[in-house]
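The sequence and structure come first, and the description follows.

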Amino acid sequence: MDNDDRGLIADLKQENKRDLAFNTLVIKYQERLYWHIRKIVLSHEDADDILQNTFIKVWKNIGNFREESSLYTWLYRIATNESLTYINSNKRKSFVQMNDTSEFLMNNLVSDPYFEGDEIQLKLQEAILQLPEKQRLVFNMKYFDAMKYDEISEVLGTSVGALKASYHHASKKIEEFFKNID
Amino acid sequence: MDELKKNTPRLSKLKKENPFGTPDKYFDDFSARLKIKLEAEKKIIPIKQNLIIRFLKPAIGIAASFAIIFLLANLPIKNFLSQKVANSSVETEFSEADYLRAMEGIDENSVYSLIEETDEGIEFSDEDLLSYASANTSEYELFMDLNNN
């Protein structure tokens, strides 16, 4: 953990410095967390809601943070859990009967006014949505965010070996998807 | 990793671009919007606590009224019973003066006869002694007793 984060955590745990430290934390991590969430839920509106919920959870639970992992990993873990919970609860609330998560998320993506990708990018997102949840998370973190396996391992609580295998399978499935549409 | 690239030529050809966009100045406004939501959240927490108290209020009220009824009913009964017990103990109490008066009523001969009337008239045969000794004493103890005597 870097020294800035250590100081930030110490300040967050003190009542008189908490507000200022929290503002610093939000500014430092908001963009990274937003893009991580956005790649999971695909729509901007949902990503915005989840990012706010993530930071509120951080505010409420900072006292319980034991500093066993880095602050960055802890935040990523909360953001990932919040995103998956959000998808599952909204899928249940949806008026249209969805067969699976990928269908729900594809609808999210198509109706999102802030998707700026071309047709190939849309196809890539469609291919990613065909993957099982864990493979989808690993693929996004490795392919787009270029995260190290060690970091992904800490966020998802999965061994590095299993993550490498997941990424390998995910890449092969996406390749197969493009092969079929050619 | 190179092998993976070889096996996934179509994926490798794609540009790693971020296809997602955000509204203008989204990140500039985010912390201000979050602050508003956080303030609202801080107010919700005490309201939630009040809700729990409000939810438990009828139960607490019922429990308190039962406790009051119990106390109101119990106190007079307790007072009445303790008074009765006190009265009955006065009746059965044996004062020192009564004891001395009773002792004075007994003549000396009766007292001596009571003291001396201990083992008189009780006799043991040899057989009784033998069976008592065999039942309650081990051979080793008997041997040790004989040796000591």
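## The interface of chain B and chain A

Contact here means heavy atoms within 4.5 Å. The model is a predicted one, and in it the contact takes 44 residues from chain A and 28 residues from chain B. The area buried between the two chains is about 3400 Å², with carbon and sulfur atoms giving 66% of that area.

Between chain B and chain A the count is three salt bridges, one of which joins B:Arg33 to A:Asp48, where the closest N and O atoms are 3.0 Å apart. Across this interface 12 residue pairs are in polar contact, both residues being at pLDDT 80 or more. On the side of chain B that touches chain A, helix H1 (2-7), H2 and helix H3 (26-92) each supply at least two residues, and H3(B) gives the most, with 11 residues.

## The largest nonpolar core

The largest nonpolar core has 70 residues, and those with the most contacts inside it include A:Phe22, A:Leu124, A:Phe139 and A:Ile174. Helix H2 (residues 18-41) of chain A provides the largest share, 11 residues, while domain 1 (1-97) and domain 2 (117-182) of chain A each contribute at least three. Leaving aside residues up to four places away in sequence, A:Phe139 touches, among others, A:Ile128, A:Tyr167, A:Ile174 and B:Leu11.

## Helix H6 of chain A

Among the buried residues of helix H6 (residues 119-129) of chain A are A:Leu124, A:Gln125 and A:Ile128. The cover over the buried residues of H6(A) includes helix H5 (101-110), helix H7 (133-144) and helix H9 (160-181) of chain A, together with helix H2 (9-13) of chain B. At the N-terminal end, A:Asp118 caps H6(A), a side-chain oxygen lying 3.3 Å from the backbone nitrogen of A:Ile120.

Technical notes. Residues numbered from 1 in each chain as written. Chains lettered and ligands numbered in written order. Heavy atoms only, no water. Core = buried A, V, L, I, M, F, W, Y, C linked by side-chain atoms within 4.5 Å. Buried < 20%, exposed > 50% of the residue type's maximum accessible area, 1.4 Å probe, protein only. Helix = DSSP H or I, 4+ residues; strand = E, 2+ residues; numbered from the N terminus. Domains from an automatic or database assignment. Polar contact = N/O pair within 3.5 Å; in protein donor to acceptor, adjacent residues only side chain to side chain. Buried area = accessible area lost by both parts, 1.4 Å probe. Salt bridge = Lys/Arg side-chain N within 4 Å of Asp/Glu carboxyl O.
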